[in-house]
Amino acid sequence: MRNNIQKIQKYKEEGKKITVLTAYDYSTAKCIDKAGVDMILVGDSLAQVALGYQNTTDISMDEMLIFTSAVSRGVENALLIADMPFMSFQINKNETVKNACELIKAGANAIKLEGSSDLIIETVKHLTQNGIPVVGHLGFTPMSINALGGHKIQGKDAKRITEITEDALKLQNAGCFAVVLEMVPAQGAKYITQKLSIPTIGIGAGRFCDGQVLVSDDILGKYDRFKPKFARQYSSLKDIIYSVAKAYCSDVESEVFPSEEESFALNEAEKEKLENFR
Ligand code: KIV
């Protein structure tokens, strides 16, 4: 059975760190889930790392639904969160509820949306009152990259930290069950974490958050367009994929693959009949 939002809340109360990773396909989701991660996020980062788009703003609702259902089929234990893509929650509340419900129908247990404008706060209230668990996302919000002027640390001074705290409290009061803090200095994230009763999930926000999230392609070393300073790379899957593909090509070219064991054989009688057709 999948984790629920009550269990995630309890982790904060008990001081147990919450683990979150992104996943975009069935087989990766299955491995990550088996490893015991608490929550899996079908992040709109899939726009860049899985689909090769330039920005997260390029992904559509239809694409998010395909990836959410693929990941969902691989998840047994983790709580599954799906990102609401750009323009799927900024138009009006009814449109947002319709899109959120589609992500839930595709297998998500909760949705995540970026920002804290008045419309977003009203939307979070509307969604949570309609039984849809919501995760907020503050600090660096990738969908606003054009307004923020690039990948920039947010909350560099005490005043800005108190503003992010106010926004996080608004999201909490509107019903969010967790908030992602992206690219916020560690001491700032610590301050926000202490002020909130719901868990903070950090990405580039230091060790004092209640939990951590990373993009799975970053920890696996699969995406090479850029490596964020805050991502720890545990493997270099792109090098492994490269050498496996090289070895395969060499085996085919030198006729080492396929071997007899990797082929289907006719029985002796049928072989003989085939000979006689000549
Ligand atoms: O899209 C994503 O992967 C995210 C994480 C970076 C938190 O929102």
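The buried residues of helix 9 (residues 186-195) are covered by elements that include helix 1 (5-14), helix 8 (158-174), strand 6 (178-182) and strand 7 (200-203), contact being heavy atoms within 4.5 Å. The model is predicted, with local features requiring pLDDT of at least 70 and side-chain atom pairs pLDDT 80 or more, while totals for chains, interfaces and linings use all residues. Residues are numbered from 1 along each chain as its sequence is written, and side-chain values use heavy atoms, without hydrogens and water. Helices (H or I, at least four residues) and strands (E, at least two) are DSSP runs numbered from the N terminus.

Gly188, Ala189, Ile192 and Thr193 of helix 9 are buried (under 20% relative accessible area; exposed, over 50%; partly exposed in between; 1.4 Å probe, protein chains only). Viewed down the axis of helix 9, its buried residues fall within an arc of 135 degrees, so they line one face of the helix; the arc is taken over directions from the helix axis to the C-beta atoms. Gln187 and Gln194, on the other side of helix 9, are exposed.

In helix 8, the buried residues are Ile161, Ile164, Thr165, Asp167, Ala168, Leu171, Gln172 and Ala174. Their cover includes helix 6 (118-129), strand 5 (134-139), strand 6 and helix 9. The 17 residues of helix 8 should span 24 Å at 1.5 Å a residue, and its end C-alpha atoms are 24 Å apart, which agrees; the expected span is 1.5 Å times one less than the number of residues. Gly175, which follows helix 8, has a positive phi, near 120 degrees.
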